[in-house]
Amino acid sequence: MDVSEVLKKNEAKYKPVTVEKALPLNFDLGLMTVYDCNLFEKDFNKKKVLEKNLLKNTRDITQLLVNQLFGLPTETTDEGVMGTLPKPIESIPREKPVPKDKPLTRWEKFAKVKGIQKRKKTRMVYDESTGDLKPTWGYKGMNKKEESEWLIPIPANAGPDHDVRKDMENKRKERVEKNTKRRTRNMEEAAAGTAVGKNSKAFRKAQLKQTIILSKTSTASLGKFDKKLEGEPKIKRAKRKTESVTRSALEEREINKSILKKITGI
Amino acid sequence: MLPTIKPKTARSKRALEKREPKVIENPKKTLVVRGSQTSLVIQNLLKDLLSIKKPLVVNLSKRNEIHPFDDETKIEFLGTKNDASLFTIGSHSKKRPNNLVIGRLFDHKLFDMFEFEVSNFLSIEQIKGPTCSAGIKPLIVFAGEHFTLNPALTKLKNLFTDFFQGEKADAVCLTGLEHVISITVELIDPKNTTLTFTEDLSNYKFYFRSYHTSLLKSGQKLPRVELENMGPFFDLVVRRYKTASDEAWKLSTRIPKELFIKKTKNISHDEFGNKLGRVHVGTQDIQKIQTRKVKALKKKPLHTIE
């Protein structure tokens with residue numbers, strides 16, 4: 001039995017999916033674009049012919065692009081058959097520059113060396129004595145538990161006006177203060193690190209030097225009779241230049257002219 | 001430029017973090033700006049561009065006194081404020097009737113832009129036929145040899161791709177290919193028909209056509225593509241343009257080191273998805289190989305041999 005007849009008949013039912021092009025097209029499937037560098041039929045004067053040509057040409061190119069897209073490896077999902085796109089060939093500019101690495105803070109550096117991993121801490125802590133959850137800090141926080149106990153033993157060597165509660169509170173506040181100091185220091189260092197190539201110490205040193213020099217100008221003697229600091233930088237000031245006494249008449253005249261000009265404004 | 005803001009609340013901090021430079025970037029938003037004076041053509045064109053680009057658009061529909069070729073700070077400001085890096089401005093004046101500017105920003109600074117004269121405009125409304133759903137990724141078709149012959153047009157092609165491509169995607173629904181944007185370039189040259197290249201971009205004409213595709217049965221796996229007019233249709237001629245400097249181009253196309261795939265040595269994959277590895281074994285010492293233990297091969301101490 002000859003099947004070619006049947007095949008031909010079947011084929012005739014449908015329009016073809018193949019397109020002939022003189023030059024191969026440049027596909028960029030990652031961006032779903034195609035570029036056809038073949039010569040386009042030149043008949044741009046008649047509007048109707050132009051529209052027809054544009055439609056026909058676009059259809060042909062789109063057919064080839066769709067053929068390519070249907071040849072991609074597929075994945076079936078709930079939304080339908082998805083063709084996985086390859087990486088784009090043409091490079092499209094970014095919106096913003098590539099993010100820069102942030103300098104590590106003092107703690108982050110330390111944690112890296114020690115291999116300390118960040119882990120999440122819940123805000124609420126279980127209080128064993130009462131059997132309910134309490135915040136770690138803040139109002140009725142667990143960090144105030146000890147000082148708010150109804151009975152606190154006083155150490156034997158304590159003075160008569162020693163307030164244990166106050167003492168505990170002060171100690172807690174000191175701890176908080178210490179931490180905030182460290183935090184601000186870390187932030188300053190990080191800021192300095194971004195300002196001058198990560199060398200924060202040198203940056204701060206230079207800054208301090210500048211401030212000292214500046215502070216010297218606040219006295220009438222420009223810091224000449226001030227108490228010297230240890231390791232104070234020597235300040236070099238520009239020497240005053242005095243004009244020579246013997247100069248030509250021409251020069252003298254020019255200078256006088258310039259003074260006159262300054263005054264009269266002519 | 002907007003001053004750098006220090007967030008006061010956690011919410012504003014999150015909002016600012018969304019705008020920071022990232023390794024994998026947010027999809028580019030487009031500013032659709034109405035100029036100080038617009039014709040009906042330009043108004044309808046902006047409306048159509050808006051509907052093509054939805055939902056990644058910010059529409060500035062009030063009159064804006066913006067002339068990016070004279071003063072680029074205004075559009076840079078708006079781009080920074082709205083976190084948008086693509087823009088299109090439509091305007092109409094006696095000197096430049098039916099004017100459309102398409103451009104993009106990089107790092108809140110102007111990157112490149114092209115100014116066009118719009119003619120033969122047909123809007124989506126005017127063309128009867130099916131329309132595609134919003135937010136769909138279009139197929140983009142470029143035709144005409146001039147896109148490679150003229151380096152400025154290659155850059156324009158890149159801008160068009162960037163402008164119309166929509167959101168970046170790793171996968172695409174094959175049955176959902178609904179929209180085709182076709183841009184054909186032709187050199188208009190009344191005197192000399194053999195001319196293939198000019199520096200003057202105003203000699204080129206771009207035919208922007210947007211069609212709705214339907215994928216028909218073809219008796220095979222591949223579908224037969226048929227197109228229907230959807231709109232907008234318009235022709236463009238370049239008026240003025242400004243391309244990006246090489247330095248800016250280099251900066252903007254840098255690939256972050258996180259996205260570089262390290263080449264793994266000696267591991268390959270075949271067509272069936274099998275992982276193949278090549279293992280290197282040093283030269284074998286044949287003397288020390290453990291073979292079958294036969295008494296005759298055993299080394300005997302010398303004094304036992306007689």
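Predicted model: local features only at pLDDT ≥ 70, side-chain atom pairs only at ≥ 80, totals over all residues.
An open sheet of 3 strands runs in the order β3(A)-β4(A)-β7(B), with antiparallel pairing. Residues are numbered from 1 along each chain as its sequence is written, and chains are lettered from A in the order in which they are written.

**The sheet**
- Neighbouring strands are turned by 35° against each other on average, direction ignored; axes are lines fitted to C-alpha atoms, and angles run from 0 to 180 degrees between N-to-C directions.
- Strand β4 (residues 80-84) of chain A runs antiparallel to β7(B), joined by 3 bridges.
- Two strands pair if DSSP finds at least two bridges between them.
- B:Val172 in β7(B) stands opposite A:Gly83.

**Chain A: elements and domains**
- Chain A has 6 helices and 6 strands (DSSP runs: H or I, at least four residues; E, at least two; numbered from the N terminus).
- Their order from the N terminus is α-β-β-α-β-β-α-β-β-α-α-α.
- The domain assignment of chain A gives domain 1 (12-83) and domain 2 (123-153 + 160-216); such bounds come from an automatic or database assignment.
- The centres of domain 1 and domain 2 of chain A, taken over C-alpha atoms, are 67 Å apart.

**Chain A: extent and burial**
- The C-alpha trace of chain A spans about 120 × 100 × 35 Å along its principal axes.
- Of the 266 residues in chain A, 23% are buried (under 20% relative accessible area, 1.4 Å probe, protein chains only).

Methods:
Heavy atoms only, no water. Buried < 20%, exposed > 50% of the residue type's maximum accessible area, 1.4 Å probe, protein only.
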